[in-house]
Amino acid sequence: MFDYIVMEEKRGMVFSTDLMMALIIITVVLGVSADAMDNVGSKIQDYYYANSVDRITTGAVDMMIKNPGEPQNWEELRTFDGVTPGLADVDQFNKGVTQKTLSLQKINCLKENYDELMKGRVLPTYCDSSLTICPVDSSIEPVTMGKISTSKSDIVVINRTVLCNFCNSSIIVFMNSMKCNSNLPQSKQGGYICPHQDITGNHSHMGVDYPNKKSGWICYPFKVTQNMLNSRDFYLMTDPGYVTDNSAVWIIDSPENRIIDTNHFCNQPILVNEVIADCVVNKSTCILWLHVFSNGNAEEAFNTYLTAYPKGTSVEKVKIQYLNPQPCYFIFKVST
């Protein structure tokens with residue numbers, strides 16, 4: 001009887017030990033599983049969070065570089081109520097959006113009012129951001145705006161290639177010297193007749209002929225309005241900037257005010273506002289002519305530009321490389 005009781009107690013102890021070991025193993029497994037689930041959940045949360053910030057940043061970049069904003073002239077408004085900013089330039093002639101070509105006026109307006117225009121309009125209010133528009137040409141100063149903390153690790157960066165007209169300049173006349181190969185009078189250009197002819201109709205401005213090394217003129221008409229005179233500075237420029245042809249001269253005149261006296265190039269941009277204003281006088285619109293004489297030597301040939309820049313543009317920015325939209329890196333950073 002005693003032996004039976006002892007045996008039963010031993011069986012009870014073995015059962016209790018087995019149960020305890022099983023519970024310990026189950027507890028360990030559950031703990032490891034819970035930790036693994038936490039890690040998986042955290043990774044999923046991080047993935048969706050990062051993916052969400054990526055989508056926000058990509059959407060913001062597309063909005064800025066592909067659209068001019070709403071309304072399209074938002075940069076000209078005094079208040080920004082209801083404004084959604086965009087930086088795409090608008091072709092005023094064709095009334096179309098030039099995608100990936102940015103407007104300098106819109107860029108400057110965004111820079112001056114960055115937080116007001118970005119937060120709650122382009123990005124959620126909890127996002128910080130910065131924007132750098134860096135020209136490939138290192139001689140042109142980059143434009144930077146906004147600020148984010150460099151200590152934050154969750155920063156999304158998007159880099160796109162765009163074009164930007166950094167000086168909002170325009171080419172009024174472009175004379176490609178090597179395309180003027182005929183020693184003939186330049187009777188018509190764009191339907192207009194060069195005013196330099198005598199009473200018998202003979203032209204004194206015979207065309208330059210580089211293949212035959214004969215000196216002569218390149219003459220081209222252009223239109224000017226009073227609005228352009230009030231809002232623009234006009235510069236005469238050459239490429240290359242240093243003219244080695246000592247005989248090279250220029251004239252700006254009109255059929256009503258024909259000028260015989262010539263002017264030499266001075267190897268730097270020439271401000272011609274007064275010359276143009278004297279020809280236009282009080283007319284609302286006037287057709288003028290640019291005449292350029294050269295010696296016909298191809299080794300000394302140069303191209304000529306008549307350009308228009310916004311009124312008051314610093315002469316340091318009056319450069320050939322500013323005449324066309326420049327390729328730039330559009331670097332946009334977002335952090336939360």
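In which sense do strand β12 and β15 pair, and over how many bridges? Strand β12 (residues 232–239) runs antiparallel to β15, and 2 bridges link the pair. Two strands count as paired if DSSP finds at least two bridges between them; strands (E, at least two residues) and helices (H or I, at least four) are DSSP runs numbered from the N terminus. The model discussed here is predicted, so local features need pLDDT of at least 70 and side-chain atom pairs count only at pLDDT 80 or more, while totals for chains, interfaces and linings use all residues. Residues are numbered from 1 along each chain as its sequence is written, and side-chain values use heavy atoms, with hydrogens and water left out.

Within β15, leucine 271 is the bridge partner of tyrosine 235. Both strands belong to an open sheet of 4 strands in the order β8-β17-β12-β15, with antiparallel pairing. Because β8 (170–175) and β15 (270–271) stand at the edges with a single partner strand each, one side of each has no neighbour in the sheet.

Two cis peptide bonds deserve a look. One joins glutamate 70 and proline 71, with omega about -5°, and this proline 71 sits in the loop between β1 (69–70) and β2 (84–85). Another joins aspartate 239 and proline 240, with omega about 5°; proline 240 lies in the loop between β12 and β13 (249–253). Most peptide bonds are trans, and most residues other than glycine have a negative phi. Lysine 213, not a glycine, has a positive phi of about 55° and is placed in the loop between β10 (192–193) and β11 (216–225). Valine 281 also has a positive phi, near 55°, in the loop between α5 (273–280) and β16 (285–294). Lysine 213 is exposed at 64% relative accessibility, and valine 281 is exposed at 52%; here exposed means over 50% relative accessible area, buried under 20% and partly exposed in between (1.4 Å probe, protein chains only).

Turning to the aromatic residues, the structure holds 5 aromatic pairs. Tryptophan 74 and phenylalanine 80 form an edge-to-face pair, at 6.5 Å centre to centre and 65° between the planes. Rings of Phe, Tyr and Trp (its six-membered ring) pair if their centres lie within 6.5 Å, and planes under 30 degrees apart are stacked, over 60 edge-to-face and the rest tilted. Both tryptophan 74 and phenylalanine 80 are buried.

The cysteines give a count of 0 disulfides, a disulfide being a pair of cysteine sulfur atoms within 2.5 Å. The sulfur of cysteine 194 has its closest cysteine sulfur in cysteine 219, 4.0 Å away and therefore too far for a bond. Cysteine 194 is buried, with a relative accessible area of 1%, and cysteine 109 is buried at 8%.

Finally, there is 1 cavity of 30 Å³ or more. On a 1 Å grid over the protein atoms alone, a cavity is a set of points where a 1.4 Å probe fits but cannot get out, a pocket is an open set with protein on both sides within 12 Å along at least five of seven lines, and lining residues have an atom within 4 Å of a point. The residues lining the largest cavity include Met175, Tyr210 and Phe302. The second largest pocket has a volume of about 310 Å³, the space filled by probe spheres set on grid points joined across faces, edges and corners. Of its 17 lining residues, those closest to the centre are Leu104, Val143, Phe166, Cys167 and Lys317. Helix α2 (residues 104–112) gives the most to this lining, with 3 residues.
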